[in-house]
Amino acid sequence: MIDYTISEKNGNFEIRTRKSNEAVDLKASFLGYQNYKKEISKLAENLELGIISLVESGTSLDEVVLKGEAPPIRIKNDTLEFDAASFKVGADANVEKLIKQLPGVEISPEGKITVNGKEVNQILVNGKPFFGKDGKIATQNLPAEIIEKIQVVDTKTKAEELSGDTASGEEKTINLTIQEDKNKGFFEKIMGGYGSDERYESSLLLNWFKGDQKISVLASANNINSVGFSMNEIFDNMGGGRNVSVYSNDEDGSFGINGMNFGGNNGLTTSNLVGINYADKWFKKVEVNNNYFFTNNETDNVTRSSRTNLLPTETTFTETVSNSNRLGNSHNLNMNFEVKLDSLTSIYVEPKLVRSINKDRFFQSTGNPKSSRFID
C-alpha cells in the first residue's frame, strides 16, 4: 500500500504520491462491483488515467464460493477502516510501527498521532480503553501481528456516546481490533539501577489482559529526583485520558495530575509511587474502570551562602545555612461504572476520592559576622 484516495461524488479523483521506478498496481473498488486492477510500469511523471469502468458483480447461481482480497481501506459512513494485513511490517514490530505505515497517518517525535491533519486523542482496543484512553501502552507493547483492522472515527464525549449524537469536536479516535483467537496476553517492563552515594532508581510496569478484563500495576521508587515513569505511561495505565487537571514545569521536569505530584522540587527528592488499574465487564451489562494511586515524596534542600560586604572603613563576613524539608503523601481513587439497562438507556457513575497531606519544615542559621577595620 503506497497511497489512497476517495473519489468525489461525480467520480473524479486525484492521487498525489511519491515517484517509483518499480511497477505498481492501481486498484479501484466500489460496493456491488468487481475490483479493478491495472499495472503501471513506473511512476515517474503525471499520468492521466481516463475513465475507469467497473463491472457489476451480481451473479445468480445455485452455489457459489467466493475467494477475494480484502481491500486495504474501507469507508463505512463516518468510519475509515484499514486492513492490518495489507501493510507489511517486521516480524517483531509493535502497533506503533504498523500505524506509521498507514497513509495519511503521522506520528511526531513526542508521540502525537494525526490522521489527515486531525489529532488523535484516544486509542481504544476492541472499542474499549486499553489501560487508559491515550493508548501509548497499547501501541508500544502490543505486537502488530495480532491486529486485524484499524478504525478511525470522530471522538465523542460521554454525553454524545450515550445520546448517539454526532461528534462536536475535531479530534479523532483510533480503534484497534484484535484477532479473536489472540485477545489475551501479558507484558511487563522492569527497570532498576544503583550507583554511588547509595543512589538508586527502580520501576515496575505489569499488564495483563484477557477479553474484557484488564489489570495494570505501576510501582516506582528512587532518590535521584526521577519520576520513574513518563507522563504518558501514567496516563495510559491509570485511565481517564487527558481530560483531567494537569500542570507541568519545564524547569525541573515535574508535573501533577489531579492533585498528585510527580518529580520536581529544589533539592534531593526521594519518591515512591504505587498504582493499580482494573477494568472489566460484569454480568454483560456493567462496565467498570477503576484505579488507585498512592504517591510519597520527601525533598531535602540544604543551602549555604557566604556574603562579604566591602565598606570604606571595614569588611564584614556573613555565613548563612538553611535547611528545608517537604514531605507529601497523596491518595487518589477514581472509579467509573456504566450500566446498560437496554439499547436506549444507560447509567454512568464516576465517583472520585482525593486526599493529600503536605508538611513543610524550614530552619535557618546565620553566623556571627566577622569584621576587619582599616586604619588610615
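Visitor: Which residues make the nonpolar surface patch of about 380 Å²?
Guide: A patch takes residues with over 30% relative accessible area and no salt bridge, joining nonpolar side chains (Val, Leu, Ile, Met, Phe, Trp, Tyr) within 5 Å and like charges within 9 Å. Areas come from the Shrake-Rupley method with a 1.4 Å probe, and for residues only the protein chains shown count as cover. A salt bridge is a side-chain nitrogen of Lys or Arg within 4 Å of a carboxyl oxygen of Asp or Glu. The patch of about 380 Å² is made by Phe30, Leu31 and Tyr33.

Visitor: Before we go on, what pLDDT do side-chain atom pairs need to count?
Guide: Residues are numbered from 1 along each chain as its sequence is written, and side-chain values use heavy atoms, leaving out hydrogens and water. This is a predicted model, where totals for chains, interfaces and linings use all residues, local features need a pLDDT (the predictor's confidence in each residue, from 0 to 100) of at least 70, and side-chain atom pairs count only at pLDDT 80 or more.

Visitor: Where does tyrosine 33 lie, and what is its relative accessible area?
Guide: Tyrosine 33 sits in the loop between β1 (24-28) and β2 (36-40); strands (E, at least two residues) and helices (H or I, at least four) are DSSP runs numbered from the N terminus. Buried means under 20% relative accessible area, exposed over 50%, and partly exposed in between (1.4 Å probe, protein chains only). Tyrosine 33 is therefore partly exposed, with a relative accessible area of 32%.

Visitor: Which residues does arginine 74 touch beyond four places in sequence?
Guide: Arginine 74 belongs to strand β3 (residues 73-76) and is partly exposed at 38% relative accessibility. A contact means heavy atoms within 4.5 Å. Setting aside residues up to four places away in sequence, arginine 74 touches Thr79, Leu80 and Glu81.

Visitor: Why does the salt bridge of aspartate 25 and lysine 37 tie parts together, and how many residues apart are they in sequence?
Guide: The closest N and O atoms of aspartate 25 and lysine 37 are 3.7 Å apart. Aspartate 25 is in strand β1 and lysine 37 in strand β2, so the pair ties together parts separated in sequence by 12 residues.

Visitor: What N to O distance do aspartate 360 and arginine 326 have in their salt bridge?
Guide: Aspartate 360 is exposed at 51% relative accessibility, and arginine 326 is partly exposed at 42%. Their side chains meet in a salt bridge with an N to O distance of 2.7 Å.
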